[in-house]
Structures are given as C-alpha cells and as structure tokens.
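Let's take a friendly tour of a protein model. Have a look at the sequence and the 3D view first, and then read on.

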Amino acid sequence: MKKFLLLLILFFCLVIGGCWAVKTCFLSKGKLVVVTIEPGASGSSVARTLKEKGIIKSQFFFKLILRLTSSARDLKAGRFDLRENTSSFEVINCIKSGKCTHYEKITVLEGWRSEEIAEALAERNITDPHAFLDIVRQKDLEGYLFPSTYLFAENTPPQKVVDEMLQQYRNHISPLFKQYKTDLTEKQVLTVASIVEREAIVHDERPKIAAVYLNRFRIGKRLEADPTVQYALGFNLRENRYWKKGLTYSDLKTKSPYNTYRNAGLPPGPICNPSKESVLGVLNPQAGFEALYFVADHGGRHVFSRTFDEHRAHIRRIRGK
C-alpha cells in the first residue's frame, strides 16, 4: 500500500512538473514585440522572422500548422503586436484576423492647422499627408478635425483618418449647437472659436475673448486678430514653424482674405481646429461683457478694455512706452 502511494505521489509530481515545464517553455508569454510582415511574404520568411523575434519556438512547427490550417496568403501584411513565446496556433490566428494589428498613437493638439496634423500623421507613417490635405481642402474641413488622441494602423487610407476625426467632431461638438442657441452659422462659430483657440492661454478667458470678437463683428469693426495673419503667412522658414511669432507691421499688411487687419468681418473659415472649450466660449460668451480690446500681460492672461484709450493705457503699462 505504501509503495502504491509513493508511486502515485511520484506520478503526480511528474505530471505537475511536466505541466510546469510545458508552460515555462511553450506557454509563458514574454514581452510585447512589434513584428512587420511584408506584403507577399512566404510562410518560411514569416516563420524565420517570428523565430528571430522570439515569438515562436519552432519554425518547422509554425510552417506545419500554417500548411494544415491555411496558407501564407491568409496572413495579413502589416505591423503586429505579438508577445514572445506565443503558440503558433495563436500567432497564425492573430495575424490572419488582424486582431493584433499594431496601432500608432497620435495626439492632435487643440489649435493645430490641418498641415500640422498632416505632418504628425506622416511622422508615424499613418497615412499619405498630401492625400489627407487634398481631402481636407476639397471638402473645406479645416476646423472640423476634432483635437483628440487617436489610434491608427500604419498606412491607413486618408479618407478613413478624416472620417474618424469627423466622427469625433460629431460626438463632441455637434450636440453643442442643439444645446446653445446662436444667430451664427456653424462655420462662423468654428471660425471665431479657432481664433479664440489661438489667442487663449488661460481656460477661463475663452468666453471673454470670444465676447470681444463677437462684439467687434456685430458692430462691423475689423477683428484685427493676430492669429489670422499668422495663418495667412503660412509656414515660416526662419522659425521653421507655422504661426510666426513677433508679427511686424509689414506682416499686418499681408494681402489675404484671412487677414482681419485688412478685411472687415470674419475670415473665410476657421484658421485651426479648435477645442470643445473654445467652441463653448463662442456659443456661450461672457454675458454683458462689452470689451472691444485686449492685450496680453506677462503672465499668460489678458487685460480687457472697452475703449481704445483704455487699451493704449494698458499697453503702455504692460509693455512700457
């Protein structure tokens, strides 16, 4: 009886030890690895890549499973997130289904113009920046590309990228127009909001800055907004950036329908893609706020004035004579 119990214990120990060995050698997954599979790659080449990356243990077993269950043509091309020491069954299923497709994270910042978005997309190889801009310009979508964080696969069709940004706009911005009543069109709201976005640094000033521009617009006074000139100037080679700093008097004379120093009314459309907060500032501006001017102080805030004399006095105080 004792001998039988010893053999039984030994058997269970062997079974448990074997299970542990199998789990350690074949089932315990390691760190995440991004693997690239080229279009038209053969099963042998995929197996070799996976083995070199430590994803699979055996090229032979991978090719055998691939031949029995499908073919190399069923494996999708692209970049995939796979873990080291994964079973061949799981790897093949994951690549075939696209469930483990690698996604690049991109954060579209508030106040970016479409060209800046296109550059960020290109840096991560998400989509063709020129094709992206063609769609934006043809459909007049500046202002509608909602600032947010997105996940896109590499080489995503540009229309799909645009559609995702427009969907986020519909989710976050479109409902605001039902919540707040305005005599402005949707495009006019976005246009003013885009200027507010480029002007505002402190969140609680957005409704005040919006009120200033709306006040000027409604009495027929030129907006004289620096960001509209920056937009008209485009990319500045000397500064290697958009939104030129330190505008000169010559800059303010730039001939462009977007230059609100030369032209009355609103510019033809948004100059950037504004945040929800800036759109809210235009739809719900500071009540009873009669200011027509503002100037930035040295702390990121602005000083507002009702008259030009007050405005000049604030400028002298802040900047010196």
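Ser-88 is buried, because its relative accessible area is 6% (buried means under 20%, exposed over 50% and partly exposed in between, with a 1.4 Å probe and protein chains only). This is a predicted model, where local features need pLDDT of at least 70 and side-chain atom pairs count only at pLDDT 80 or more, while totals for chains, interfaces and linings use all residues. Residues are numbered from 1 along each chain as its sequence is written, and side-chain values use heavy atoms, leaving out hydrogens and water.

Ser-88 belongs to helix 4. Leaving aside residues up to four places away in sequence, Ser-88 touches Ile-56, Ser-58, Phe-61, Phe-62 and Ile-65 (contact means heavy atoms within 4.5 Å).

Here are the elements of this tour; helices (H or I, at least four residues) and strands (E, at least two) are DSSP runs, numbered from the N terminus.

| Element | Residues |
|---|---|
| Strand 1 | 32-37 |
| Strand 2 | 78-83 |
| Helix 4 | 88-97 |
| Helix 5 | 114-123 |
| Helix 6 | 129-138 |

Strand 1 has Val-33, Val-35 and Ile-37 on its covered face, and Leu-32, Val-34 and Thr-36 on the uncovered one. Strand 1 and strand 2 run antiparallel, joined by six bridges (pairing takes at least two DSSP bridges). In strand 2, Gly-78 stands opposite Ile-37.

How do helix 5 and helix 6 cross, and at roughly what angle? Their axes come within 9 Å and cross at roughly 150 degrees (axes are lines fitted to C-alpha atoms over the stretch in contact, with angles from 0 to 180 degrees between N-to-C directions). Helix 5 and helix 6 are therefore roughly antiparallel (over 145 degrees).

How values were computed
Angles under 35 degrees count as roughly parallel, over 145 as roughly antiparallel, 65 to 115 as roughly perpendicular and the rest as oblique.
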